[in-house]
Amino acid sequence: MCRVLAYMGPRILLDDILYQPSNSLINQAFDPKLSLLLNLAGFGMTVWDERSHKPGLPHTYHSLELPFFDRNLKNMAEKLSTNVCIAHIRGVMLNSRSTVIKTNLHPFMYPNCSLTLAHNGDLKSFGKMRFDLAKYLHPSVSPHIQGNTDTEWIYAVLLSQLENPTGHHTLEEVQLALEKTLTIIREVREKNGIFLSSPVNLFISNGDFILVVRFVYDFGWYDTDDPIMHEFHAVYKSLWFTTGSSYEKKDGKWVMIGNQTATDAVLISSEPITDDDSTWLPMPEYHAMAVYKRDGKQHISLRELNL
Amino acid sequence: MASLSQLRIFAGISNADMQSIIPKLQSFSIAKDEVLFYHGDKGSTLYIIETGEVSVYANASGDEDILLSTIGSGAVIGEMSLIAPANRSATVKSTLPTSGWSLSCDAFDLLCRQQSLGALQILKNLALMLCERLRAMPLYTGSATQSTQPAWCFQGEAYTPDSQYNDFLQRLSFFKLFQPDEITTIMSHMKQWSIPRGQILFADGAPGKSAYLILRGGVEESVIRNGKKQQLSILGPGKIFGLLSLLDHENRYSTCTARERCLLLEMPEQAFHTLFNKADNVAFRFLQAIDLTLIEALRRASQKYRTQVIITDLLSHQ
């Protein structure tokens, strides 16, 4: 369910990462390669451009229109460039119990907050968790909750673990808040007797860094009442990345250019965005990866989440 | 043709049983500098080189291909594609005029369905060859050859497998090839364990007395290198681990830990060999499932190794 794409690197036309690659995020709405479900419940993106007016403020876009039919999105993608972005297509169960509304679209970003968050996962029995999670919300954060997704609550709890939810935060502060958030969720799950597999692949950014998480609570504990979901929970939810100097079209194929140790451009995605995945790497399970700048150079770091 | 029985993949097959295999072999011949197959091509054929020489190249995007090895008479290429067709992981090109024999996965599948004893022996030989290749993977080199750790670290009681999971067994990857009554036969050899999160199951270098199938939960496979844990894989429902020690009687080459609480099915060594050495329908499917497990482990280990090398490189350049 859901597909996400994050990019940090030299300015690139949005069209070149959203539409052009052979397994682009937009294509994954109707033809994902590593997911059984379609992703038809809306599109959203948070886009920073260092050369735009007020570069610290991102451009955000959310639409319930199917992204491959969305002329506004295509037109915008052909005009706008980005150096940091997170884009998301939402996938829900294809039945009338799913709530397909605009306030459920990722990436979430509350007014005056600098952090944005998108999610590819599913907290099982989330309805049972809300009451206990509410205790961890900061009074300045809770009034902003408008949708009914687990993702928005993860975002709200994450913001609430920061000393000042509306401030601008360092990577270290957000990493700490993230680990607190994941621990709170584990404790609330245990308190409510929720022990079924629940993946939480998270994509977080404030324009200065991208922090991604590949994590599953109670991995492998599939629901014995729901044979369809068994297939989802028998494998660890995928998350891939590729690094280089720049992302370009070479010999008709989109690929990272440059040697394998270059991290000037980093793409992270639920699945490789090209059919040829030979330059993509799977991110290790139970890990968080950060892409950040220091001394004018872009770096990545990787740490295991022993939560 | 007479030399075929000298090849490891056909080892132990009687002349009479070879007679059912030989008609399935197709001859092939390529000129010097001709490509047998490219990296990324759909691979569904095993090749046996009788005369000549070929070079194997790894694909490195954006750069020249890397020469991995040059092999000649008697070499077997693409044995994994016999039972698990997948895209070729390398390009093979002749350096001399080359000829030999090929066996397609469809032809091999037919031999298996006809319960050819020759095919059964190929499945066994393949398991042992894959086992050796896994042990030789760079990820595992430097594994402890012996440790004082017990064969099984968990202090608890095993019990008879829980029947509430019967409907799910056929959904688990290891059991997908089996009929329900065949699963019942295999399950009669198994014991069930309920393991808490974080429990070490067995350690690198410990003796191996059983293989384990994950019914529910997740298991982490790791090694210690330079005093630091390196995660090798996270295995989920339907995956089997601990197989290699039962095949080659060597010690464990990695440490397995319950990353999440787990329900495991244990197959003791004796039960494993009873099934491994049978010659009935169950034995065919059992051997195919074992080979598929090993092929998947090998492909996973190759990808993990590549990932680790690149990530180490990336982080060391920070």
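These numbered notes walk through selected features of chains A and B in a predicted model.

1. Ground rules. Residues are numbered from 1 along each chain as its sequence is written, and chains are lettered from A in the order in which they are written. In this predicted model, local features need pLDDT of at least 70 and side-chain atom pairs count only at pLDDT 80 or more, while totals for chains, interfaces and linings use all residues, and side-chain values use heavy atoms, with hydrogens and water left out.

2. Helices 5 and 6 of chain A. Helices (H or I, at least four residues) and strands (E, at least two) are DSSP runs, numbered from the N terminus. Helix 5 of chain A covers residues 150-160, and helix 6 of chain A covers residues 171-191. The two pack at an angle of about 125°, with their axes 8 Å apart. Axes are lines fitted to C-alpha atoms, for helices over the stretch in contact, and angles run from 0 to 180 degrees between N-to-C directions. The angle therefore makes helix 5 of chain A oblique to helix 6 of chain A. Angles under 35 degrees count as roughly parallel, over 145 as roughly antiparallel, 65 to 115 as roughly perpendicular and the rest as oblique. The crossing of helix 5 and helix 6 of chain A is right-handed. A crossing is left-handed if the near helix is turned anticlockwise from the far one by less than a right angle, and right-handed if clockwise.

3. Helix 5 of chain A contributes A:Ile154, A:Val157 and A:Leu158. Helix 6 of chain A contributes A:Val174, A:Ala177, A:Leu178, A:Thr181, A:Ile184 and A:Ile185. Contact means heavy atoms within 4.5 Å. By class, this contact of helix 5 with helix 6 of chain A has eight nonpolar, one polar and no charged residues. Here Ala, Val, Leu, Ile, Met, Phe, Trp, Tyr, Cys and Pro count as nonpolar, Asp, Glu, Lys and Arg as charged, and the others, Gly among them, as polar.

4. Helices 3 and 8 of chain B. Helix 3 of chain B packs against helix 8 of chain B (residues 281-316) at an angle of about 25°, with the axes 9 Å apart. That angle makes helix 3 roughly parallel to helix 8 of chain B. Their crossing is left-handed. Residues of helix 3 in the contact include B:Leu120, B:Leu123 and B:Arg133, and those of helix 8 of chain B include B:Phe284, B:Asp291 and B:Leu298. The contact of helix 3 with helix 8 of chain B divides into 16 nonpolar, one polar and three charged residues.

5. A:Phe30. This residue sits in the loop between helix 2 (25-28) and strand 2 (43-48) of chain A. A:Phe30 is partly exposed, with a relative accessible area of 41%. Buried means under 20% relative accessible area, exposed over 50%, partly exposed in between (1.4 Å probe, protein chains only). Leaving aside neighbours within four places in sequence, A:Phe30 is in contact with A:Leu38 and A:Phe68. Its C-alpha atom is separated by 7.2 Å from that of A:Leu40, ten residues apart along the chain.

6. Sheet in chain B. Four strands form an open sheet in the order 1-10-4-7, with antiparallel pairing. Two strands pair if DSSP finds at least two bridges between them. Strand 1 (26-30) and strand 7 (76-77) of chain B are the edge strands, each pairing on one side only. Two bridges join strand 4 (residues 45-51) to strand 7 of chain B. B:Tyr47 has B:Ile77 in strand 7 as bridge partner.

7. Strand 5 of chain B. Strand 5 (residues 53-58) and strand 6 (residues 66-72) of chain B pair in the antiparallel sense over six bridges. B:Val54 is bridged to B:Ile71 in strand 6 of chain B. Strand 5 also pairs with strand 9 (residues 91-94) of chain B, antiparallel, over four bridges. There, B:Ser55 has B:Lys93 as bridge partner.

8. B:Ser81. B:Ser81 lies in the loop between strand 7 and strand 8 (86-87) of chain B. At 4% relative accessibility, B:Ser81 is buried. Among the residues B:Ser81 touches, not counting those up to four places away in sequence, are B:Gly43, B:Arg88 and B:Cys105.

9. Backbone points to check. Most residues other than glycine have a negative phi, and most peptide bonds are trans. A cis peptide bond joins A:His106 and A:Pro107, with omega about -15°. B:Gln115 has a positive phi of about 55° and is partly exposed at 32%. B:His249 has phi near 60° and is exposed at 55%.
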